[in-house]
Amino acid sequence: MKKLLALLLALIMVLSMVACGAKKEPAADDQAADAPAADAPAADTPAVPNEEDVALEFEAVAEVDDKFGGQLILQTWMDPININFYADYGSVGCSNYWTCGPQLVVYKGGELYPLLLESWELDETGLVWTMKIRENAGWSDGTPITVDDIIFSMEYFRQDTFTDFIFQADTMYFSETPVYEKVDDHTYTVTTTVPYPTIFDFYAVNCFIIPKHVFENVPAEEFHTTTVNSTPGEIVCGGPFKITEYKIGEYIKCERNEYFWDEVYLDELYWRIAPDGNSMFTALQTGELDFTFLMGSKYQEAVDAGMQIARTNGANYSGISMNTQDPILSDVNIRKAFSHIYDQQLFIDQAFGGQGEINKGFVANMRFEDPDACVYYEHDVEKAKALIEESGWTLNADGIYEKDGQLLEVTYIYEAGYDDFNAMILQSMFEGTGVKFNIEGQEYSVWLDNVDAGNYQMSSNYSSLGPDPANYYDNYLNTSLFSFYRSETLDQAWIDGMTGATDEDRQAAYSAVQHELTDAAVWLVQPRNWGYYAANQTCGLDEAQFTSTGMFVYFHKLYKIAE
Amino acid sequence: MYLFKKKHAEIPLKRINSAVDPMQDDEDLYFSAKVEGYWTTIFKRFCRHWYGIAGLIVLAALIFCAIAAPVLTPYEYDKIDFSAAPMGQPQPPSREHLFGTDRLGRDYFTRCLYGGRISLLIGFSAVAIQLLIGIPLGCIAGYYRGIADQLICRFIDFFSCVPSTFLILLVNALLKPSMFNVILVLGVFGWTGYTRFVRSYFLSLREQEFVQAAKAAGLKERTIVFKHILPHTLTPLILSVSMGIGGAILSESGLSYLGLGMQEPIPSWGAMIAGAQEYTNSAPWLSVFPGLMITLTVLSLCFIGEAFRQAIDPRAN
Amino acid sequence: MNSGLKFVIKRLLVMIPLLFAVTLASYLLMTITPGDPMAMYVGQDQLRQMTPTQKEQRREALGLNRPIIVRYFDWLDDILHGTFGTSFKTGQPIEKEIGQRIGITMSLNIITLFLTYLVGIPLGIYCAKHKNGIVDNAVMLYSYVGISLPAFWLSIMAITLFAVKLKWLPGLGLSDLTLKNPTFWQEVWDTIKHLIMPVGLTVITGLGSMARAERNLYLDVINQDYVRTARAKGLPERKVKWGHAYRNVMLPLASEIGGSLAGLIGGSYIIETIFAIPGLGAYSTNAILDRDYPVIMATLLMSSVLVMVGYLVSDILYCVVDPRIRVQ
């Protein structure tokens, strides 16, 4: 009897849990295609894809007559900090912003794609941009998107409470405040006293347009915590989708925004919250996810499972800083020698599993990239030794270089728990070269402090910024990120790059920047790590234009291939 | 219960105890020329349980492997060998590498052995600290009563009313991760059980006749406590101790799994499992072996403790 | 039950200074940590891009500049007014975040407990009745196996086997998003499917211990005086058995509740993270890993309260169920 009671109680528990999670589903097509699973045994040495083998784009997998309808499940790393995604600080908010917020333009491979912003024109003085936005764009509650919203957003985020660079982007990239003026409901001008070439980088990466009619009465201090515009289903969205449901820790459900300026194929788009990289891949295999970032070690498995795979060219700059203020490392010969000792190909093989390419330039995925202007240090230990000996170091009895009683010994600090393997690979590269290479893992905040204060000899250093090199100027000024290397010519070149009137002017300036930085061996340039994204065969991703940052240009052009 | 451990007293007591203890073997009822010691009896009883023997053998093997690790394998635990892991892909078990290699080409068998060193060391040390703190406190509280007892009881309450798992995590996260810190934290948060145990034993034992006799004989209190009463509490503690060591090993592997325990390149079974998560499908041996080792170690400790408990007090079954 | 009431009140009174001590100690402990706490709440890129004045402003906004004791009492003040503060990482009120997650963790724990009971108690009684038999010994050994298996290892192995290789069960989350307009029973089945592994693993490893504890309890009680007395007094066998059975269920429950309530906060972290279930365990442990101080303090407080309440409830249940204990 008591067993029955217990059983009943357990049943009640399950039912109540389910009741908590009951969701209302609108009628839609019926499909639940399983990813084809061809379990091939893992080879001892997996096939390493060549540069040409893996596409940079997703191709069409099937002919589909009617692309409308259906749902896709994408993946995101964490819960949105604020479901009112405009107020989100960044990680998930960004991906939600791109699908639910009005995005003006997007960069893909250096080319600018118009989205909400239809066309732009620079006048003869080169100081006034005339911008035109689409006329049929509307917020999800039916209100048309007009220039008023744009101008309101610009002014709103210039208020002092917004100390984050994300929101102050247009003043942080640029020394003065551009003047925005409305011409009519769909046209406006941006006026500056010096050329403003980075305006589109701002629009493409960090620009947030918020609906004026929703936020005009929200004071700036309350913006991040306001509950206005936080009820799923009522959130005003300006992108191809609107948020209709949010189950914490599980998923965010977005539905088609009928007022979007273009046709939206999908009925629904889910963002599944999956914080663990391994469970993401599992979910992809079982069909619970349709599209996700793929960890390099899973590449072969994904291939064997017959998934669609596209490749990105990797994060932006990844270099190992060598503190030029350190007595040993201030000698450029030593830094060049280290660059020769560093073996990019080995690093690609061991750390990236062969999935990467040698970086002959300085920063990947940057506009105005000029590898030819850069000095490339090929892996050559003999050359390195020659350079070291040129500076007066001699090998002692232990096989380590010594000069004036001081050993050629450096310590590399890194974030413990994250960069351990890379550090160990680095250390083994320096074995037998006469350099005593120590590694030291530090806790994140400690490491950051040390790096900022210059308390280090060598340190890991990586970042991911927008494509316009103007972004890097602030990093350059924050001297630690560029190994405390400064020079007058370099300072000037950076500014020339930012203020150059034409693209040719800017290119010349940035080529000079890249040349000097590599000639001075400011960093140990690290190879580019390819990133992969994988999708099931039921995803139609070809029209959406996959970008090198793992996002899509046209989220509204994602479609579902029925089984 | 055996009241005296000295051998010369065994002979008369054996008769008495066999009358009291009906579960004892027949052979013990008779006078034997050979005097059996206390521990020999226990050991004989211990050997009746196959799992006790198995546990002992496995634990001995593990300890031996841990100590003799440098001799047992030609590899270093942190020697990176790129040729043994081409393209960063861990290699399956083979002739050269008994347990295969990890993504940096380090021999996995070696890492498991050295990981065993760490785990066993941490397990035993942490429990040693717990005993060092717990037993004296228990003795004092149980024997002297009064204010000391009250104080120590409050202390126990404080320590047991806090969420120890949570605090272990927290403290480890805040302190720099190292073996010493892990041992310290595990030791400091786990002694209450032993104190309670010892204290309750003392409370009941101090009224026994032999204590009165010792007092009457004029023995110093400290002698009474440590030489006469305490030994009786130790044997029943063994089960708790063995499970405590097992628990400490599990805690340490949990901490390392979360990244709060041992850091690279020092191997720890928990950290090895964390690193193996990426490769569960393509390189399952990376997660199977460390997990198996943890399970075997803790299990053998539990079995030893259980068999020992049964050996001391067979009636309790 | 006047003495009972006094007992409860006395325990509650003791709780308060204990809570105070625990939270103060933790707060002070967190100040020992090296490094700039701001690094945890502002991303690396952002932090580097910020000018010193902006950093100062942000630090002010986060309240990190005031002396520790002031911050502690501020926090205490907030607590007494019912708010737990805002999380550093997300900027959201903590009580809201806890509220969103507590339901799931509690349900998970309750279901696990019930299932462990369901199988464990009858199994334990069977072992007791057939003492030293094969089943009894097997269960004893099995209980040790259950606690020796590391939970994180077992979960990883289980997912790889059942979700990836065999594809019998879903690998993560609580619901299948591809279901279209599921009926009520379909949803129930879907939820059950998602829970089989997380709940199942915990139940399977904990089953042995529960059975063993129940067996010992049964044996302990079966020869007790009061049972014999009840029989001698002529109570119908059924009533004796019922009383006996009642105690068999309630006493293990009494001791489990203490541990269960305590484990609510951090206990199921491993399961929740690996199976992507949004619960309190993941929330509190992630806060520790992220050094999100307000959340840590809030969950620590909750955890301590739960532990103490758990033991209190445990003791009360013991008193209620077992008349012998009341004498104390």
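The model is predicted, so to speak of local features takes a pLDDT of at least 70 and side-chain atom pairs count only at pLDDT 80 or more, while totals for chains, interfaces and linings use all residues. Residues are numbered from 1 along each chain as its sequence is written, chains are lettered from A and ligands numbered from 1 in the order in which they are written, and side-chain values use heavy atoms, with hydrogens and water left out.

Chain A comes first, with its strands. Helices (H or I, at least four residues) and strands (E, at least two) are DSSP runs, numbered from the N terminus, and two strands pair if DSSP finds at least two bridges between them. Strand E8 (residues 241–247) of chain A runs antiparallel to strand E9 (residues 251–256) of chain A, and six bridges join them. Lys253(A) shows both pairings: in E9(A) it is the bridge partner of Glu245(A), and it stands opposite Tyr270(A) in E10(A).

Further along chain A, three strands form an open sheet in the order E15-E16-E17, with antiparallel pairing. Strand E15 (394–395) and strand E17 (406–407) of chain A are the edges, each pairing on one side only. Two bridges link strand E16 (residues 401–403) of chain A to E17(A), and Glu402(A) stands opposite Leu407(A) in E17(A).

Next comes helix H12 (residues 420–429) of chain A. Buried means under 20% relative accessible area, exposed over 50% and partly exposed in between (1.4 Å probe, protein chains only). Seven of the ten residues of H12(A) are buried, so the helix is largely enclosed by the rest of the structure. Among them are Asp420(A), Ala423(A) and Met424(A).

What does chain A share with chain B? About 2100 Å² is buried between them, 57% of it on carbon and sulfur atoms; buried area is the accessible area (1.4 Å probe) that two parts lose on being put together, summed over both. On the chain A side, Gln350(A), Phe421(A) and Met424(A) lose the most area to chain B, together 29% of what that side buries. Helix H7 (277–286), helix H10 (344–351) and H12 of chain A are the elements giving two or more residues to the side that touches chain B, and H12(A) gives the most, with five residues. Contact means heavy atoms within 4.5 Å, and here it takes 26 residues from chain A and 21 residues from chain B.

Glu252(B) sits in helix H11 (residues 221–258) of chain B. Setting aside neighbours within four places in sequence, Glu252(B) touches residues including Ile118(B), Val182(B), Leu186(B) and Met262(B). Cys302(B) lies in helix H13 (residues 285–312) of chain B and counts as buried, at 2% relative accessibility. With neighbours within four places again left out, Cys302(B) is in contact with Met243(B), Tyr144(C), Ile147(C) and Ser148(C). Cys302(B) and Thr40(B) are 262 residues apart in sequence and 21 Å apart in space, C-alpha to C-alpha.
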